[in-house]
Amino acid sequence: MRLKDKRVFITGAGGGIGRATALKCAAEGALVITCDIDADAAGETVRAVMRAGGEAVAVVADLTNEEACNMAFANGAAAFGGIDVIFNNAGVCLTGDDGPVETDLAVWNRTIAVNLTSVFLCCKAGIPYLLQAGQGVIVNNASIVAYVGSAFPQIAYTAAKGGVLAMTREIAVMYARKGLRAVAICPGPTATPLVKAFLADDEAWRLRRRHLPMGRLGQPEEIANLVAFLASDEASFITGSAYTIDGGLTSAYVIDDKD
Ligand SMILES: NC(=O)c1ccc[n+]([C@@H]2O[C@H](COP(=O)([O-])OP(=O)(O)OC[C@H]3O[C@@H](n4cnc5c(N)ncnc54)[C@H](O)[C@@H]3O)[C@@H](O)[C@H]2O)c1
């Protein structure tokens with residue numbers, strides 16, 4: 001078991017990638033703290049972990065709020081006597097996040113708050129626990145949009161994810177000799193509620209599928225497998241880097257879309 005007795009704090013654990021990662025980490029022997037703004041969703045993930053024979057507790061917080069965030073980490077650490085791994089995964093794509101000219105400041109602010117500021121606040125609240133535990137790991141969920149632009153933009157989401165990558169590097173370098181690793185993952189389109197909502201119509205899917213070498217979305221479980229590896233001691237020499245997991249999307253130039 002890769003994560004035997006590791007205490008893993010997962011944000012956005014009520015949703016697609018977060019829930020799949022909670023299940024994967026628990027299957028690898030971890031004690032999981034599922035954190036989400038949605039209490040029912042966080043609780044459902046706990047029940048799913050327990051049905052599978054694992055151990056988990058839920059904590060509820062809007063992670064854009066510093067006090068709520070601090071409380072979530074304190075309660076999570078109290079549940080299992082500390083925290084070894086943080087998976088910063090909570091995120092949103094908001095309607096109205098568009099080009100720089102079209103996007104309202106309110107949409108920009110909330111998108112940056114959830115996708116970037118919350119990662120900062122979770123690092124601020126969580127790093128002391130990781131240092132206390134020794135051999136701590138932070139895995140930040142960015143996105144391929146941190147690397148490639150889109151003609152159908154989400155300017156705030158993209159800027160936030162670029163910020164997550166830069167923050168990951170800074171934390172990695174700062175703590176490299178203090179027993180703490182920080183890595184990022186950059187998933188391509190993955191079959192979760194977040195993406196299914198904006199790929200709901202056939203035209204939106206057709207437009208994107210032709211840019212996907214594999215011609216399909218990733219599955220949350222495929223992303224969870226990468227997170228579990230990066231969080232484990234098997235990845236002990238990995239810090240500061242970002243791992244693209246996108247079915248070849250960012251490697252592609254011309255795609256044969258006949259199949
Ligand atoms: N699905 C994709 O294609 C894809 C691709 C690249 C990156 N990502 C990233 O993966 C992460 C997870 O996305 P997903 O697709 O599983 O989405 P999802 O909507 O299924 O899950 C996101 C979770 O975050 C929670 N959340 C939202 N705001 C919060 C807040 N303020 N505080 C606490 N929790 C909050 C939601 O309640 C939800 O459970 C996000 O950071 C997203 O940007 C997703």
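Reader: In strand 2, which residue is the bridge partner of Arg 7?
Author: A quick caveat: this is a predicted model, where local features need pLDDT of at least 70 and side-chain atom pairs count only at pLDDT 80 or more, while totals for chains, interfaces and linings use all residues. Numbering starts from 1 along each chain as its sequence is written. Strand 1 (residues 7-11) and strand 2 (residues 31-36) pair in the parallel sense over 5 bridges; strands (E, at least two residues) and helices (H or I, at least four) are DSSP runs numbered from the N terminus, and pairing takes at least two DSSP bridges. In strand 2, the partner of Arg 7 is Leu 31.

Reader: What angle does helix 2 make with strand 3?
Author: Helix 2 (residues 39-51) packs on the sheet and touches strand 2 and strand 3. Touching here is residue contact, with C-beta atoms, placed from the backbone, within 7 Å. Axes are lines fitted to C-alpha atoms, for helices over the stretch in contact, and angles run from 0 to 180 degrees between N-to-C directions. On that scale, the direction of helix 2 against that of strand 3 comes to about 175 degrees.

Reader: What is the average twist from one strand to the next?
Author: Picture an open sheet of 7 strands with parallel pairing, in the order 3-2-1-4-5-6-7. Strand 3 (55-60) and strand 7 (242-245) sit at the edges, each pairing on one side only. From one strand to the next, the twist averages 20 degrees.

Reader: Is strand 5 largely enclosed or open, and where do its side chains point?
Author: Count a residue as buried with 20 or more other C-beta atoms within 10 Å of its own, exposed with 12 or fewer, and partly exposed in between, all C-beta atoms being placed from the backbone. In a regular strand, side chains alternate between the two faces of the sheet. Here Gly 136, Ile 138 and Asn 140 point one way, Val 137, Val 139 and Asn 141 the other, and all are buried. With 6 of its 6 residues buried, strand 5 (residues 136-141) is therefore largely enclosed.

Reader: Which residue of strand 5 is the bridge partner of Asn 88?
Author: Strand 4 (residues 85-88) pairs with strand 5 in the parallel sense over 4 bridges. The partner of Asn 88 is Asn 140.

Reader: Which elements give two or more residues to the shell around the ligand?
Author: Being near means a C-beta atom, placed from the backbone, within 6 Å. Of the 30 residues around the ligand, Gly 12, Gly 15, Gly 16, Gly 91 and Thr 192 come nearest. The elements with two or more residues there are helix 1 (16-27), helix 4 (105-133) and helix 6 (193-198).

How values were computed. Two residues are in contact if their C-beta atoms, placed from the backbone, lie within 7 Å.
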